[in-house]
Amino acid sequence: MRHTFDVVVIGGGLVGLSLVRALEGSGLTLALVEAQLPGAVPETDSWDNRVYAVSPGCASFLERCGAWGSLPQERLTRVDAMRVYGDDADACLEFSAYDAGLRELAFVVESRQLQQALWEAVRNQVVQVFCPARWTTLEFHDDHAALQLDDGSELAGRLVVGADGSESRVRAAAGLAATPGDYGQLGIVANFSCERPHRGTAFQWFMRDGVLALLPLPDMRVSMVWSVEQERGRRLLALTAAELATEVELASRGALGGLRLISPTAAFPLKLQRVAHFTKPRVALAGDAAHNVHPLAGQGVNLGFRDARELAKVLVERGPQRDCGDHALLRRYERARREDVAAMQLTTDGLQKLFNNDAVLLTRARNLGLELVNRQPWLKNFLVHHAVA
């Protein structure tokens, strides 16, 4: 059976779901293709070890998508301040929402809670969902893209959106070139209870062999992302709960006192991926399919939500007679997103290389740089206002 749509979104992750929600009421006929059924959030007191620091601007976008308001408020944490330390104990860069005239710098939210909220919002929307389903063939024609699903269904769309992750099959099928780069690092994630209150503060330590971040969770809890060389990462994963807590206490210089592991640990490889173009006729990429960045700035998911927000804006404002798969139209989206993505990739890649280096002169320069920026309120406010968009 052949189904025809204006927009077919491939990928039911956070970015794909938010795009579908943002297109509600656009007059476009929509389809969503996702390979895996959404998992239910367990009714326990456990905490997801994958969390995101969602910017206020992206939180407002998710509110308009009908997802943010349905998140359990007792599991959300406002980030009011941030402290960034160099490998010199005296080098510290502090950011404050109050000093920047903001209510908060970010919100920390669990991945599975946000995923469920978006799925629930999509279920109440006029969209045809094919899940679980995988496409077996994808062909691009002058006036449509044609997909064959593994259940035999045939889909035709004026526009196909690849929101299917860093190993995007849509990107490969469209012939959009990607330049991958492997940092040779693992991102180790876990949650801890802490002895001292975090007071809504996010902490980050740049060290010669990696970057440790502790994000505030409700009450006396924090979520860790520790980016380290793969060999050390494997050693950390092999530690007992008490041994890992001790390692994190030492690396964080006892900032939150004693720590106790309260979740399983997990790890993911860290990569940089640059995609030459996000669009071609009949196709657009969003989220990790379009870019990967090092997690040291915690901005990967925000880049993806800003992709969804901008692509939806371009499609909604296209005019009633404009073909939503027209490449001239899609290039508006690419031009609008290119600078933001390139700036974040340049910043995170540069910081990773600057601190993951034993050169004596660089050690002095990077720590001095933190101190100098910390003495410039206008520069700190500029950086904060860019990050919260």
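Pro132 is found in the loop between β8 and β9 (135-140), where helices (H or I, at least four residues) and strands (E, at least two) are DSSP runs numbered from the N terminus. A cis peptide bond, with omega of about 0°, joins Cys131 to Pro132. The model is a predicted one, in which local features need pLDDT of at least 70 and side-chain atom pairs count only at pLDDT 80 or more, while totals for chains, interfaces and linings use all residues. Residues are numbered from 1 along each chain as its sequence is written, and side-chain values use heavy atoms, with hydrogens and water left out.

Two further loops hold residues with a positive phi. Asp219, in the loop between β14 (210-217) and β15 (221-229), has a positive phi of about 60° although it is not a glycine. Arg282, in the loop between β18 (279-280) and β19 (283-285), has a phi near 80°, again a positive value in a residue other than glycine. As to accessibility, buried stands for under 20% relative accessible area, exposed for over 50%, and partly exposed for values in between (1.4 Å probe, protein chains only). Asp219 counts as exposed because its relative accessibility is 59%, whereas Arg282, at 6% relative accessibility, counts as buried.

The loop between α3 and β8 contains Asn124 and also Gln125. Asn124 is exposed, with a relative accessible area of 67%, but Gln125 is buried, with a relative accessible area of 8%. Not counting residues up to four places away in sequence, Gln125 touches Val20, Arg21, Leu23, Glu24 and Leu30, a contact being defined by heavy atoms within 4.5 Å. Of these, Val20 is 105 residues from Gln125 in sequence and 8.9 Å from it in space, C-alpha to C-alpha. Asn124 and Glu24 are 100 residues apart in sequence, and their C-alpha atoms are 10 Å apart.

Helix packing was described through axes, which are lines fitted to C-alpha atoms, for helices over the stretch in contact, with angles running from 0 to 180 degrees between N-to-C directions. Angles under 35 degrees count as roughly parallel, over 145 as roughly antiparallel, 65 to 115 as roughly perpendicular and the rest as oblique. A crossing is left-handed if the near helix is turned anticlockwise from the far one by less than a right angle, and right-handed if clockwise. For the composition of each contact, Ala, Val, Leu, Ile, Met, Phe, Trp, Tyr, Cys and Pro count as nonpolar, Asp, Glu, Lys and Arg as charged, and the others, Gly among them, as polar.

Helix α1 (residues 14-22) and helix α3 (residues 111-123) pack at an angle of about 30°, their axes being 9 Å apart, so that α1 is roughly parallel to α3. The crossing of this pair is left-handed. Residues of α1 in the contact include Leu14, Leu17 and Val20, and those of α3 include Leu114, Leu118 and Trp119; the contact residues divide into eight nonpolar, three polar and one charged.

For α1 and α7, the axes come within 9 Å and cross at roughly 25°, and the two helices are therefore roughly parallel to each other. Here α1 passes α7 in a right-handed crossing. The contact is made by Leu14, Val15, Ser18, Leu19 and Ala22 of α1 together with Val301, Gly304, Phe305, Ala308, Leu311 and Ala312 of α7, and these residues divide into nine nonpolar, two polar and no charged.

The axes of helix α2 (residues 56-64) and α7 come within 10 Å and cross at roughly 50°, which makes α2 oblique to α7. This crossing is left-handed. Among the residues that make the contact are Phe61 and Arg64 of α2 and Phe305, Arg306 and Arg309 of α7; the residues of this contact divide into five nonpolar, two polar and three charged.

A nonpolar core is a set of buried Ala, Val, Leu, Ile, Met, Phe, Trp, Tyr and Cys residues joined through side-chain atoms within 4.5 Å. The largest such core has 72 residues, of which Val7, Val8, Trp68 and Leu315 touch the most other members. Helix α7 (residues 300-316) gives the most to this core, with eight residues. Leaving aside neighbours within four places in sequence, the contacts of Val7 include Leu23, Leu28, Leu159, Val161, Leu315 and Cys324. A second, separate core of 24 residues includes Cys194, Leu214, Trp226 and Leu259.
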